[in-house]
Structures are given as structure tokens and as C-alpha cells.
Amino acid sequence: MDEVILPQAFNMNRALSIRSNKSKGSSGAGAGAKRPGFSFNSLRGQVQPELSRKLFRLIKSENNLISAHETAGRERVSIATQLSEWGEQTGDESISDISDKVGVILSEMGEQEDAYAHALDDSRAELKAIRNTEKSVQPSREKKDKIADEIQKLKLKEPGSTRLPVLEQELVRAEAENLVAEAQLTNTTRQKLKEAYVAEFAATIERAQKQIMLAQHGRRLLELLDDSPVVPGDTRVPYQHSSLARQILNDAEDDLRGWRPEAEGFSTPVQSQSPTLEGKGKEPLASEDNLSPVQSEAATVESGTSPLEQRG
């Protein structure tokens, strides 16, 4: 199985302190590329073909999930900025430095959440391809069913009608067109479903592993903070870990930059070599002499040649 490598920028906000971006952080806490709210497009679910209605709702729910992760990322960055600002105003050098460095870690966690949301959006695009194919198949199904119903009604009312042979020929062609459309649908569905969730699971693994890295470095930072109690009147030992705290942030950035997807530890079953409409595969489905009228018509529709041209 091919590895899925998601592009990612590892810059830890390009700073060892979150305070250097105060104005940017405070103004951007609620900013960012917000997803559009209500629009007339949101009413499209009411007019979706029956075949694609459930997938349309699924894709809409995915959109809500993406928005939630984007919001979580922005809130994490906002909290990081507030933590840093609070630590600065305490007047305690150790708390000021550690809260600022922890804020950098939290801010990067927020950036990872935003990157995950973008990966989910890419996965959602694959599901849209299935939905669009489902929508394109619906008319061929309806056309086939409509002709079949018309034939049944005509047989009951006028069994000897001269329109019956014409309608039956139209039904053969409609079934052939539908056969091609259904084959395209099942091929697209399998391919895009697999691609969508392979990408989503790869992004989930990446997000989890990177957040574990960041959390571990955050714990290292907190170990530099002396929380032993002091007796009133005593003076606490001066803070001497500012250079080590900066090094921890550098280590975190190096770990993120050096992250690579792990090799998959499982194998996938061998793909069957089933024949396709183009005639590829180990063996043909049937010889031309044994093809049903619908299969013969489907081959004609797929190749774009008429039966007379094939005979000639």
C-alpha cells in the first residue's frame, strides 16, 4: 500500500516566544478562513435524487466536522496567547518564561488541528465524486423504469399494439445505457471510498503522533518549573532554565520536521482480476454469441458503434 504523505509546514510559529506575535495573535484568534454559513446552496439537500440523498447528508455532516476542527484550532491558538499574556503579568520570571514557551507548544497544536481539518476536506472531496456519479446514474434508472412501466400498461390495454416492439427496443437500449452507468458507479464508489478514508486515517495518525510529540515536549517544559513550596519570607532560587526551555522548543520543531509516516504493518488482499467493460482481465465474461441483448447493447453503447457497423 502506497504511503500517504501529507504536506505540512513545521515552523512552530517561527518564534521561540508567542509574545512577539501579540497583535497578530489577538486579532487572529477569531479570524481565519471561516467556512460559509447559510446560503441557498444549503437547500440543495431537499432536491437531491433519491440515490445520492444519503451521501449528500453524509458530506454535509463531514463539513460540520471540518468546521468544528477549524474552530478548535483557532480556540487553541487563542488560549495559547492568553496563557502567555497572563504569565507575563504575574511578574514571576519562571512562570513568565514557562507559560510563554508552553503557549508556543499549544499554538502549534492548534495549527496541527487546522492542518487536520484541511486533510478532512480533501477526503470529503473524494466522497463528492461518488455523490456526483450517483446523481448521474439516477436518470438512466428512471428512464429504464419508465419505459418498462409503459410496456406493462400497454400490454394490459393493447396487447397487439404496434408500439410494443418499438418500446421493447427502447427498453433494451435504456437497459444497456443503465448497465454502463451502473458499472461506472460501482467502480467509482469502490475507488473513491478507499481513497477518501485512506487519506483520512493517514491524517488522523499524523495528527495524533505529532500532538503526542508536542505534548511530551510540553511536559519537559513544565519540569523546569520549580513548584516546591517556600516558607513565607524565604526567597526562591532564581530561574536559570531559559536557555534549556528554548532548546526544548527547538527539539520540538526538529521532531515535527523529521516526522515521516510509518510503514504499514498489514497486508491487503490480492486484487481480483475481474473483467471490465473494456474487455480487460484474465478471461472474457462470455463470447459474442452468448451475449444477452442488454450486454450486446451495452458493448455497443460503450464502444460508440452501431450493430450494423459491427456486422459490416
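In what order do the elements of the protein run from the N terminus on? They run α-α-α-α-α-α-α.

**View 1. Overall fold of the predicted model.** The protein has seven helices and zero strands (DSSP runs numbered from the N terminus: helices are H or I, at least four residues; strands are E, at least two). Residues are numbered from 1 along each chain as its sequence is written. Local features need pLDDT of at least 70, side-chain atom pairs count only at pLDDT 80 or more, totals for chains, interfaces and linings use all residues, and side-chain values use heavy atoms, without hydrogens and water.

**View 2. Burial and surface of the protein.** Of the 312 residues, 32% are buried (under 20% relative accessible area, 1.4 Å probe, protein chains only).

**View 3. Helix 3 against helix 5.** The axes of helix 3 (residues 93-157) and helix 5 (residues 242-257) come within 9 Å and cross at roughly 10° (lines fitted to C-alpha atoms over the stretch in contact; angles run from 0 to 180 degrees between N-to-C directions). The two helices are therefore roughly parallel (angles under 35 degrees). Helix 3 makes the contact (heavy atoms within 4.5 Å) through residues including Val104, Ile105 and Glu108. Helix 5 contributes Arg246, Leu249 and Leu256, among others. The contact residues divide into six nonpolar, two polar and four charged.

Terms used: Buried means under 20% relative accessible area, exposed over 50%, partly exposed in between (1.4 Å probe, protein chains only). Accessible areas come from the Shrake-Rupley method with a 1.4 Å probe; for residues, only the protein chains shown count as cover. Angles under 35 degrees count as roughly parallel, over 145 as roughly antiparallel, 65 to 115 as roughly perpendicular and the rest as oblique. Ala, Val, Leu, Ile, Met, Phe, Trp, Tyr, Cys and Pro count as nonpolar, Asp, Glu, Lys and Arg as charged, and the others, Gly among them, as polar.
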